[in-house]
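The following exercises concern one protein structure. Each task is followed by a solution in steps.

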Amino acid sequence: MRHPITKKVITFILFISVLFLHTTVSTQPPFSCDTSNSVTSSFPFCNTSLPISQRVNDLVSCLTVDEKIQQLVNAAPEIPRLGISAYEWWSEGLHGVSRHGKGTLFNGTIKAATMFPQIILTASTFDENLWYRVAQAIGKEARAVYNAGQLKGMTFWAPNINIFRDPRWGRGQETPGEDPMMVGKYGVAYVRGLQGDSFEGGKLQDKHLQASACCKHFVAQDMDNWNNFSRYTFNAHVLKQDLADSYEPPFKSCVEQGKASSIMCAYNLVNGIPNCANFDLLTTTARGKWGLKGYIVSDCDAVAIMYTHQGYAKEPEDAVAASLRAGMDVNCGSHLKKYTKSALEKQKVQESDLDRALHNLFSIRMRLGLFNGDPRKLKYGDISTAEVCSQEHRALALEAARNGIVLLKNSDRLLPLSKIKTKSLAVIGPKANDSQVLLGNYEGYPCKNVTLLQGLQGYIENTMYHQGCDFINCTSAAIDEAVNVVKKADYVVLVMGLDQTIEKEKLDRTELGLPGMQEQLITAIAQASSKPVILVLMCGGPVDVSFAKDNKNIGGILWVGYPGEGGATALAEIIFGEHNPGGKLPVTWYPKEFNNILMTDMRMRPVSSDGYPGRTYRFYNGPKVFEFGYGLSYTSYSYVFASVNQDKLYFRNLKINKATENGSVLNVAVSDVGSEVCNNAMMTVKVAVKNQGEMAGKHPVLLFLRHFSTMDEVPRKTLIGFKSVNLEAGENTHIAFDVKPCEHFTRANTYGSLVIDEGQYFLLVGDEEYPVTVFV
């Protein structure tokens, strides 16, 4: 007789078996060419002794047309008969392994990852080595998550290297700022760090990637949703000269120097052509001129909107043809999955177009080591879960926040406060006790996150708190209640600014001041306080705080961006003098009146005849709240040009052009200057830097170039170098800059050609100038 519980026991055993199997599968990362499978391991594309190009050619030749089509979207399915695993192309890692995208799962043993500051704050360190180390940490944590079976792919769609052209852009927080050269250098540092290259580049001779970086959004996409204009349909009218010396350079650097393995084509149209359908951009420029070795992905649904929103494609199949023939390889979305077969049948595309795309895609998967057997037994396979949220990485997040925070005002040396003499503290602000706001967008789950209030409470036990406003938009303010709290405290810290309900993807700002009643609240608190107050601004984009800058009752202003999981500690350390702030603004802070300028006007240069002021510190000729590169310290530094190896540069016996752009100046095209002349013109500039104060500090030294000409076409000044220096009180040192006139002295003419103008230039550092003359 059968025991009555046998059926239940069997059911339970089956359940446990399935659960165990699920657990086992979920902890194994997806890969192809399992060496334990005698069938699949015999395929030539699994033979690791063959060149990747040969392996990929073999793989693609094995695929049916239907299988090829299925692989052209971000969610690429498995191909069981060939032992090829499924693959998700879309993962995000902007400033830490993100919860956004489709590839990352935080549902296993790994529940969080280190959240570094939002990029705009990390950029304000002007520290390339720090940028590299942050990206390196993100890449290691990504591999660890993958090795633990919680990542469905190792392709990360970051960094965002569009310049921060307009202060209202909701995604400006994701970028390294407004200077093309600096943004390009950030992109290079990020790509090298994430992909497993060395800081100097060149380590990846075997082309084996730790992770794959994607430079986005190519090109001239820096508006999301503003006054009924949408990124999906916006046709950006971009001048050739602005494309050449403002919009394209970061991407050129990212590909040429960083060796990025991917770029993403943007939603918008440029001069009437969608970016993802632009052969000149994707194939002629990115692949041909710059030498991209990797894949090109569309922004999500960018192919579909050519048909559904833009009217560029008359039929769905026309969008397939336009994007594939332009050089795009993979569609984030489903449009190619739905319409490529009919596009083939209508002869709008050829199978060879699919094969080219697949070659680029599978090459990256092989470079990631995902076709070499179990990746946990190969290079990068020993990166374990111990890397995720490691003490080293969390300390790096704190370092980035510390060195990024910018001191904007410090009247009568109000800061730092004394930990001993400060008996009580009042903290006012709707987000001061909110930890999520510290992360910005494209965030993940932090290892440990504390609020700014908690960080300050760690120093002053008697810390009182009042929100002041219920929400960041501050449509109403409890001013009287907040004032009553303030009157009981020695010092007051106001935490104000923006959050992701005000600025983010798909949400641009429509004004440049603080939201709602924040200004009235700040002014009232400052008036009621017995001592000057400290204003902490948490925001990605700049805000006009002229009222606070000019108010004697507001003694200190600190900009903290969105400082990540180490932000609370970093701010408290700075306020109480355990760290000396040294960050510099990576963007211009404009006055409210700049809001009168159309966000859709893509012109970089000013136009004096119609009152257009231009954009960014390089061209903008209007009033500023704070300048690009501005930032104070608790100490003072002096700068002197110690030596310049040559101050006269000759570009003679070359074809000379006469510029007629609102003036007259002789110049020579860089394309007409040979490498020997360029090499002879290279300069070594040595700057003596001294810490003249009483406190040790780290800060970046910025080297600018100013042209004698005041023509609208010529940049007012240009950043040509930056280096961080760490000095004890009274210490001095020398910093050497390598200046390359064929790169740093150039500008684009109206035809988009880079030229070097004749005349006098000035090297600038701090308040010091050094003249250099160019002869053509």
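**Exercise 1: Aromatic rings**

Phe-126, Trp-131, Tyr-186, Tyr-190, Tyr-617, Phe-628, Phe-704 and Phe-722 together make up one aromatic cluster. The model is a predicted one, in which local features need pLDDT of at least 70, side-chain atom pairs count only at pLDDT 80 or more, and totals for chains, interfaces and linings use all residues. Residues are numbered from 1 along each chain as its sequence is written, and side-chain values use heavy atoms, with hydrogens and water left out.

Task: Determine how the rings of Phe-45 and Phe-371 are arranged.

Step 1. Rings of Phe, Tyr and Trp (its six-membered ring) pair if their centres lie within 6.5 Å; planes under 30 degrees apart count as stacked, over 60 as edge-to-face and the rest as tilted.

Step 2. The whole structure contains 32 aromatic pairs. In the pair of Phe-45 and Phe-371, the centres are 6.3 Å apart and the planes stand at 70 degrees, an edge-to-face arrangement.

Step 3. Phe-45 belongs to the loop between helix H1 (6-26) and helix H2 (52-62), and Phe-371 to the loop between helix H13 (351-367) and H14, so the pair ties together parts 326 residues apart in sequence. Helices (H or I, at least four residues) and strands (E, at least two) are DSSP runs, numbered from the N terminus.

Step 4. Phe-45 is buried, at 0% relative accessibility, and Phe-371 is buried, at 0%. Here buried means under 20% relative accessible area, exposed over 50%, and partly exposed in between (1.4 Å probe, protein chains only).

**Exercise 2: A histidine and its surroundings**

Step 1. His-393 is part of helix H14 (residues 391-404).

Step 2. With residues up to four places away in sequence not counted, His-393 touches Thr-114, Phe-116, Ala-137, Lys-140, Glu-141 and Glu-387; contact means heavy atoms within 4.5 Å.

**Exercise 3: Disulfides**

Task: Find the handedness of the disulfide of Cys-265 and Cys-276 and that of Cys-389 and Cys-447.

Step 1. A disulfide is a pair of cysteine sulfur atoms within 2.5 Å, and by this rule the count is 7.

Step 2. The sulfur atoms of Cys-265 and Cys-276 are 2.1 Å apart. The torsion about their S-S bond is about 105 degrees, so this disulfide is right-handed.

Step 3. Cys-265 is buried at 0% relative accessibility, and Cys-276 is buried at 1%.

Step 4. Between Cys-389 and Cys-447 the sulfur atoms are 2.0 Å apart. The torsion about the S-S bond is about -90 degrees, so the disulfide of Cys-389 and Cys-447 is left-handed.

Step 5. Cys-389 is partly exposed, with a relative accessible area of 24%, and Cys-447 is partly exposed at 23%.
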